[in-house]
2 protein chains.
Amino acid sequence: MSLNHKTRRFLGVDIGGTSVKIALCDGTGRILRSSSFRTQASERSSEEIVLLIVEHSRELSRDEGIQPHEIAGMGIGSPGSINVQKGEVIFAGNLPFKNFPLKASLEKELGMAVVLGNDANVAALAEHLLGAGRGSSFSMTITIGTGIGSGIIIDGNIYAGANGAGCECGHMVIHRGGEACSCGRRGCFEAYASAPALIRRTKERVEQYPDSLLAGQAHQSRHIGGRTAFQAAAMGCPVAKNLLNDYFEDLAIGLGNLANCFFPERMILGGGISQEGEAFKEALQPLFEKELFKAEGLPQPQLYLAELGNRAGVIGAALMAEKALYGD
Amino acid sequence: MSLNHKTRRFLGVDIGGTSVKIALCDGTGRILRSSSFRTQASERSSEEIVLLIVEHSRELSRDEGIQPHEIAGMGIGSPGSINVQKGEVIFAGNLPFKNFPLKASLEKELGMAVVLGNDANVAALAEHLLGAGRGSSFSMTITIGTGIGSGIIIDGNIYAGANGAGCECGHMVIHRGGEACSCGRRGCFEAYASAPALIRRTKERVEQYPDSLLAGQAHQSRHIGGRTAFQAAAMGCPVAKNLLNDYFEDLAIGLGNLANCFFPERMILGGGISQEGEAFKEALQPLFEKELFKAEGLPQPQLYLAELGNRAGVIGAALMAEKALYGD
């Protein structure tokens, strides 16, 4: 890396349904200063969100003691359908953007180059370069959260598919005719392995086994969340262990399918559930290995846990801008 | 394309479990002359197969009236696990090759540059450049035969994955806990949508419905093959129509999964079943569309039928050599 990497400044923006995160980074992805605001997408227009991003960006540069024109560019990760070339958000579920020229709007207000990408791809770029993927040439980051998202980085480049949509791996059917998915299909990976799917499955078991430790745990905390089954399993509850095993098998099938179709070097698991840490990975590992197509004599994809947490979005956005504008 | 494309000569070799096909092509992939021999893999050693390829190659150049040294190079597609960089076949189910240096052995015998690749990838390259993929930048060719193979071409390059194995899309589970697959998993795409899977499903229906037209058709021809259900359906048999609809749904789910994970521009269907032609594509199309993730405002992958048939292997092998050795 050249000296310019350290002296150049980039803004990285991660737009989410709940909050918008903004960071001022150097060209190596190190966060110098960051802020965020609540998206309040139901109350705000696209233009209002743009103005808030501009305001926060100016504040960050002021606080850092640099002039806006000293910032080399801005990267943004947005959910939804993105036209990367045009810099438009075509559609994004929980956000007001609809055929919205996000790149052009921000460039006009800020007077700097702006690069737009898909949020999952951008976060994957950060994990690839600075997180669990560093040192590899081909990693796939799978984020298990409200949905299941993924980003694929090959030789430092974001895999975008022919239409820029990348890889919607959550919408791969693993159970034909199974649970209904938000996308309209049935039996999708996301309908079995996302956080809401785990919560749904936990609720089912609580109802089926009202005398279990799992049910006790749920009643005691008056809440069934993504962690409830893990907590009950740690207390030795056989119902929770069985549920998690079943959940992990679905997760392993989905990950195995992706391994067999893409053969990445590393598969990096992010999102809330991966924060269960090494115990989670150890439980998943043997089930995952069973699902791998044995291409004899060839190295197999390896599982890793994501390292950058929810900073991946802003870091990846800044790095995407650095790569797109300076290509080094 | 330069003039050199037309004047340079390449040998393309397609190694299969049943036969080995060899063609002398020009640099545009046009076949000038071709031959083949039966593989007889159970009786022949790897070295014997190499010598036969050499013999047939010399014969082709002699018949074409050119000297072996006038041939610019040879491309070979082999099934199995391939180490593309080393030019070795690590393992290939029905062939004697085991950690066999196919590239080096042929180079030594022939005195010309040899490029080794995976057979499905090589065939996909031919379809991409000269068949149903021509004019597109990103196509995926899915071959439905004894197994389900696939090759992905992005911007003219073969997608190889980190380990060179490309995409083993046949080994993507679409029915968790379903039919046993040859790979050891259960519920794989291949276990539902390959030609043997269709035959197995046809046999099941014949047994279940002994009075059906389908059963009559099977008894009359004393054979249940991949075409039996299509023939009975054409005669109006409701059992056959129902079976095919079920089969097409599985095929559509697998293809939809691949569409949603890769978002290629074109998905090209090859292999025996695709020879049912436009009627096959018309029956599949609406089921396939239902399985697509609607990335609003973005172009969707389109289905095509393969055009090159079983010539794709030799043509693609020759084109791979041309690309690898001359890169134009």
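The axes of helix H2 (residues 46-64) and helix H3 (residues 102-110) of chain A come within 10 Å and cross at roughly 45°; axes here are lines fitted to C-alpha atoms, for helices over the stretch in contact, with angles running from 0 to 180 degrees between N-to-C directions. That makes H2(A) oblique to H3(A), given that angles under 35 degrees count as roughly parallel, over 145 as roughly antiparallel, 65 to 115 as roughly perpendicular and the rest as oblique. The contact (heavy atoms within 4.5 Å) is made on the H2(A) side by A:Val50, A:Leu51, A:Ile53, A:Val54, A:Ser57 and A:Arg58. H3(A) brings A:Leu102, A:Ser105, A:Leu106, A:Glu109 and A:Leu110 to it. Helices and strands are DSSP runs numbered from the N terminus, helices being H or I with at least four residues and strands E with at least two.

A word on bookkeeping: residues are numbered from 1 along each chain as its sequence is written, and chains are lettered from A and ligands numbered from 1 in the order in which they are written. Because the model is predicted, local features need pLDDT of at least 70, side-chain atom pairs count only at pLDDT 80 or more, and totals for chains, interfaces and linings use all residues, while side-chain values use heavy atoms, leaving out hydrogens and water.

Most residues other than glycine have a negative phi. A:Asn99, however, has a positive phi, near 45°, and sits in strand S7 (residues 98-100) of chain A. A:Asn99 is partly exposed, with a relative accessible area of 48%. A:Phe263 also has a positive phi, near 45°, but its place is the loop between helix H9 (238-262) and strand S12 (266-270) of chain A. A:Phe263 counts as buried at 1% relative accessibility. For these terms, buried means under 20% relative accessible area, exposed over 50% and partly exposed in between, with a 1.4 Å probe and protein chains only.

Now over to chain B.

Chain B has an open sheet of five strands in the order S3-S2-S1-S4-S8, with mixed pairing; two strands pair if DSSP finds at least two bridges between them. Its edge strands, S3 (31-38) and S8 (114-118), each pair on one side only. Strand S2 (residues 19-26) runs antiparallel to S3(B), joined by seven bridges, and B:Ile22 stands opposite B:Ser35 in S3(B). Helix H2 (residues 46-64) of chain B lies across S1, S2, S3 and S4, at about 150° to S3(B). Helix H4 (residues 119-130) of chain B lies across S1, S4 and S8, at about 100° to S8(B).

Further along chain B, strands S5 (residues 81-83) and S6 (residues 88-91) run antiparallel over three bridges. They form a hairpin with four residues between them, and B:Gly87 in the turn has a positive phi of about 75°. B:Val89 is the bridge partner of B:Ile82, and B:Val89 also has B:Phe100 in S7(B) as a bridge partner. A second hairpin, through six residues, joins S6(B) to S7(B).
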